[in-house]
Amino acid sequence: MKKAAPKRNSFRLPETVVPTVYRLTMKPNFNTFTFSGTNTAEIVIKEPVRSITLHALELEIKNVVLDESVYANQNYPFEGRTIKPIEISYDKKLQTVTFDFGVDLYVGKAKLKMEFTGKLNNQLHGFYRTSYKVVDKKHWGASTQFEATDARRAFPCWDEPDKKVRFHTTLIVPKHMAALSNMPVDVTIQPTGDEYRKMVCFKPTPPMSTYLAAFVVADLEYIEATDKNGVLIRVYTTPGKKEHGKFALDVALHTLPYYADYYKTPYPLPKLDLVAIPDFGSGAMENWGLEIFRETALLVDEKNSSASARERVADVVDHELAHHWFGNLVTMKWWTHLWLNEGFANFVEMLGVAAQFPAWKRRVRFVAEDLVGALHDMDKPSSHPIEVDVNDPAEIREIFDTTTYSGGGSVNRMIEHYLGNEFPKGITKYLDCFKYGNAATEDLWKILGKSSGKPVSDIMGPYTRQAGYPVIFTEEGSRNGKSILKLEQMRFLMDGSIDETYPLWNVPIGVMTPATVENPKFMYMKGRRMTIPRTTKWVKLNAGQSGLYRVAYSPRMWDRLTDAVRAGEIPEIDRIGLLDDAFALARAGYVSIWSALGLLDAHRNERETYVWAMLAGKLNGVASLVRDEDPEAMLAEYARKFFKPLVERVGWDKKPGEGNLEAILRGVALSNLGAYGDEEIIAEARKRLDAFIASGTLDPDIRQTVYTIVAQNATDEDFEKLMKVYDSTDMHEEKVRVLRAIAHVRRPELIRRVLNLSLSLKVRSQDTPIVLSVMAGNDSARRTEWEFIMENWGTLLTRGGGLGWISRVVRGVTEGFKDRSDLARVEAFFKTHSMPGLDRAMQISLQMIKSNMKWLNRNLRDVESWLTDTRVPLPASEQVSAPHELR
């Protein structure tokens, strides 16, 4: 008998019954797209209860038996028994199933046997199906994605990270297909009465969380090697692609032992498989011993992959490898502490890539992408803390975001700077203390503090527990005839509003001057205000961008720093930090847009790739805000003049001896000059696309640039040429290049065509988010895309593997709006479509639209004046100081 379960208030399972072992058998059916299975869970009943509740979603469970016969061998004063539930009830909201046995259950060990069936879905989560071609014939396989709360879609279980068990997994699959799981195969046998299948039994796992369990069933081939510590590493692909796994294999062979040495802890499993799956919702998943990737995150075609594609593969492989210690060996107690997994992997990924590819300047890119990304994600009134209480599965999915990953990684970078060599030593002690178990943030702080002898929790705790981060207002002054800098901190909010709780942080103030560029001085600001001596012509705080905060200087100090940039006196990482601070502070109203644009202009002789990427981003941000406004044409003309010398220097064609950074810089230069309407660049892009279609030859490092410039200016004929490239390749990286390019089309009829294409059968559901996310940054398409999203809301909610990508697309599209009519339309839609997992994104979107409106009111006239080089006096209200509320 089945019925709805009685309602409970908490999404957490009761602690009255806990599992220790799952003996799991799974049998997929590719004819009906279903699966069947059994799970015999070895459990411990901690107190007398009449029912057992565990997780199950979209499963039909039957033949449930509780076996307490183990008591016969435990000297209990009663005999063991086998009982069946009198009632099975489901709670759809809490995603649970409850077995009511009608009698008090014995306290102690027992076995809970369950049979179940489910759907091999096409939603990219749980146990789902994937398609691929073998000799032009479509084949089906199956893969898993269980993080964060989708193991319950595949088998009934206690689907919480602190409910670790040993898995004994068996897969019953067609004979010709490969079957993979977390551990090596123990034995393969022939099922009785089924000559077309095989039963693959895997060795038991160490204790691990359900979200790390995995299995893959497909036609696969592989390449393999053994690392220097004797771990067998294989890269699996669908047929015909295994040679494209060589680069990823080389990365894993380097980094797995590198991490074992860094952590001073061996990799705990006997093998590691990296599998490229044609359909995968996220970039990759760190399942213990069986990492699963989308193809673009694992495969590199030596002839056709770009430098940026190689860097992405190295990033993703090293990120997932880092989790085998931070996340898998030691797992967060609950999703509140997700940053322990993702923030640490984000940070250590940088170390692994930098060690193997030092010429790539991975530490610089961390600042340009991760630190800067965190600063922009954490600066909204609705931004969440790095440690955030979550309960509902939708809330859990919502925190897989930039704040958790890049914000957490930036905090780890701060800790590394604070503790130096004591940091990895403390990490080793943490892993040893909690291995095969669970930990919380405070556990890490305590061990790092004890190991280093420093107050780690007091210094670092506020950065994870409190929302946001500080801005340090900096003014020149004097005391007793000596020059000083007066510092004052407050929470930075991108719209210039005030957090009236007035939180405080312990801020690492790194002081850089002309004399201390190579060896800045560091001190901690622990109160609201602080003074430091000033003896030189310019001073830059947050040296090396080692801290998670911004610095607002007085106009005179900005001018001096601008002159120092122009003179080449400021290091690369600090130039990136100054640029990002200047434009963020201008949005908040703490710095004049004159100061920000003047700083940008001082970089005309810039040589470094990631500084140029930052310059392009800031200029594009201003261009988006002044679109359809008076300065639009003047800004485009300025941008063409700004990028033209760079293009003349780097050219279209690769030069002997160039590396990744030069290739990436060429893309930045050409794509920006083309985007701002340079006719020579547009004509050359069309010429090179035609030559590629005719001959098949085009440098992969400029293909994205060529495709995008053509798409931005596309005629119907141009569009068809791009689609010909898309249709003629089976290389996923190439298809994604085209999808990214056509998301930049500007003609209304082509915009609608691309939007419709994104939901068609020609585009895999995993790639729909790519099209919509890129188009979200297309000013010509913004309103049309928003209409499309509203029209297709129900369809989008079922596509792509969860709400995370929808959250990003909704923000990406709506955050570009800047007038009251758009604000009203967005508000009206949000009011009727609010749901857990999207609420915060919706709040942030509205805050950004309002901020855009403020920006235009404050800065539009000054942008126009700056572009015409007729400088207006800086109003007194623009002189930087801490808000009056703090004085």
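**A guided reading of the predicted model**

Histidine 319 lies in helix α2, which covers residues 307-323; helices (H or I, at least four residues) and strands (E, at least two) are DSSP runs numbered from the N terminus. The model is a predicted one, in which local features need pLDDT of at least 70 and side-chain atom pairs count only at pLDDT 80 or more, while totals for chains, interfaces and linings use all residues. Residues are numbered from 1 along each chain as its sequence is written, and side-chain values use heavy atoms, with hydrogens and water left out.

Histidine 319 counts as buried because its relative accessibility is 7%; buried means under 20% relative accessible area, exposed over 50%, and partly exposed in between (1.4 Å probe, protein chains only). Not counting residues up to four places away in sequence, histidine 319 touches Glu342, Ala345, Asn346, Glu349 and Tyr405, a contact being heavy atoms within 4.5 Å.

An unreviewed UniProt entry places the feature "binding site" at His319, His323 and Glu342. These residues span 24 residues in sequence, yet no two of their C-alpha atoms are more than 8.6 Å apart, so they gather at one spot. UniProt positions are given in the numbering used here, feature names are shortened, and annotations may be inferred rather than shown by experiment. Glutamate 342 is found in helix α3 and, at 2% relative accessibility, counts as buried. Beyond residues up to four places away in sequence, glutamate 342 touches Glu147, Glu286, His319, His323, Phe400, Thr404 and Tyr405.

For "domain: Peptidase M1 membrane alanine aminopeptidase", UniProt lists residues 247-463 in an unreviewed entry. The span is 58% helix and 9% strand, and its end C-alpha atoms lie 37 Å apart. Alanine 359 lies in the loop between α3 (338-356) and α4 (362-377), and with 60% relative accessibility it counts as exposed. The C-alpha atoms of alanine 359 and leucine 661 are separated by 8.1 Å, although the two residues are 302 residues apart along the chain.

Alanine 584 counts as buried at 7% relative accessibility and, leaving aside its neighbours within four places in sequence, is in contact with His376, Phe492 and Arg550. Serine 758 lies in helix α20 (residues 748-758) and counts as buried, with 1% relative accessibility. A polar atom of the serine 758 side chain lies 2.6 Å from the backbone oxygen of leucine 755. Serine 758 also touches Val763, Thr768, Val771, Leu772, Phe788 and Arg799, not counting residues up to four places away in sequence.

Turning to the whole chain, the protein has 26 helices and 30 strands. Its radius of gyration is 29 Å, close to the 29 Å that the globule rule gives for 887 residues, so the protein is as compact as a globular protein of that length; the radius is taken over C-alpha atoms, and the rule is 2.2 Å times the number of residues to the power 0.38. Buried residues make up 62% of the 887 residues. Among contacts between residues at least 6 apart in sequence, 71% join residues at least 24 apart.

As for confidence, the mean pLDDT is 93, and 96% of the residues reach 70 or more; pLDDT is the predictor's confidence in each residue, from 0 to 100. Over residues 1-9 the pLDDT is below 50, and it stays under 50 over residues 870-881.

Technical notes: Polar contact = N/O pair within 3.5 Å; in protein donor to acceptor, adjacent residues only side chain to side chain.
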